[in-house]
Amino acid sequence: MSENKDTPNYFLDKHEKLQTNNWQEQIDRLVQYGYHRVQNLEKDEYQALMPKFMPQPTEFRGRFNMALLVDPCIPYEKQLRLMGVENDLDDISDFQVVNRETIITPNNPYQIWVQDGTLYKGKSGTQLMRILPSDERGLTLIEGLALIREIPDFRLHAKNYMISLLGSQTKKYGHVLQISHWTYNDNPSMNYKSENYSKGEEECWSHSIDLVNKTGGWPTCGIIDAAKPAS
């Protein structure tokens, strides 16, 4: 397949398949989805609020090669609608989405360094929680929506695609959230995977996506200054 010279190179190596470090491209996509309108801002006003990309920490190179802009100022329910993702948990009161207690994210737009999920395909969430280094964590739902915004397979509906988000969970039961997009459906959807971490149950589940193609997985991001005590 010929490569369009205007298309970023998303395929790096077997673990880091996604890289689009163009800040303006990400701003343009946020505007395309209407993030500025929901906040009653013009494009230029919205762009001025977004942080510039920070330098990639040395310890992240080869692990988290994608710089990703995240806008947490809009509730996840509205972000799902902006992105065209159906909320399969919408009418279930027990399935309110919250971040894990150990994860604290900024209230204003921020940037993270991520890997797209392919590094940990085939592992259960329980297994992953046991092996993640101290400077790495799973993405939250808001961060997962930012990730799929930048993935051509998702945006173009070209392939089956699914990610699981270890950083967010359903409030009552602690289910892991998933965003999936199958080629036979018109719209992507958010649902959950029932692994019960609180009871320490080992559920030897791996992504059904592994049986279909090579797209998706458990995306994670680096934690800057993870070893430093909280101030």
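R63 is partly exposed at 25% relative accessibility, a class that lies between buried (under 20% relative accessible area) and exposed (over 50%), computed with a 1.4 Å probe on protein chains only. The model is predicted: local features need pLDDT of at least 70, side-chain atom pairs count only at pLDDT 80 or more, and totals for chains, interfaces and linings use all residues. Residues are numbered from 1 along each chain as its sequence is written, and side-chain values use heavy atoms, with hydrogens and water left out.

**Salt bridges**

- The whole structure holds 7 salt bridges, each defined as a side-chain nitrogen of Lys or Arg within 4 Å of a carboxyl oxygen of Asp or Glu.
- R63 pairs with D135 in a salt bridge with an N to O distance of 2.9 Å.
- D135 sits in the loop between α5 (125-131) and β5 (136-138) and R63 in the loop between α3 and β1 (66-70), so this bridge ties together parts 72 residues apart in sequence. Helices (H or I, at least four residues) and strands (E, at least two) are DSSP runs, numbered from the N terminus.
- D135 counts as buried, at 15% relative accessibility.
- Salt bridges with shared partners join E25, R29, R149 and E150 into one network.
- Within that network, E150 and R29 form a salt bridge whose closest N and O atoms are 2.5 Å apart.
- E150 lies in the loop between α6 (141-149) and α7 (152-155) and R29 in helix α1, a separation of 121 residues. Both E150 and R29 are buried.
- K43 and D28 meet through their side chains in a salt bridge of 3.2 Å, N to O.
- K43 belongs to helix α3 (residues 43-49) and D28 to helix α1 (residues 23-32), so the pair ties together parts 15 residues apart in sequence.
- K43 is partly exposed, with a relative accessible area of 35%, and D28 is partly exposed with 32%.

**Nonpolar cores**

- The largest nonpolar core has 37 residues, of which L141 and L147 touch the most other members. Such a core is a set of buried Ala, Val, Leu, Ile, Met, Phe, Trp, Tyr and Cys residues joined through side-chain atoms within 4.5 Å.
- At least two residues of this core come from each of α1, β1, α4 (76-83), β4 (110-115), α6, β6 (161-170) and β7 (176-181).
- Helix α6 supplies the largest share, 6 residues.
- L141 contacts (heavy atoms within 4.5 Å) Y76, V97, L165, S168, L177, I179 and M190, leaving aside residues up to four places away in sequence.
- A second, separate core has 6 residues, among them L132, L166, V176 and W218.
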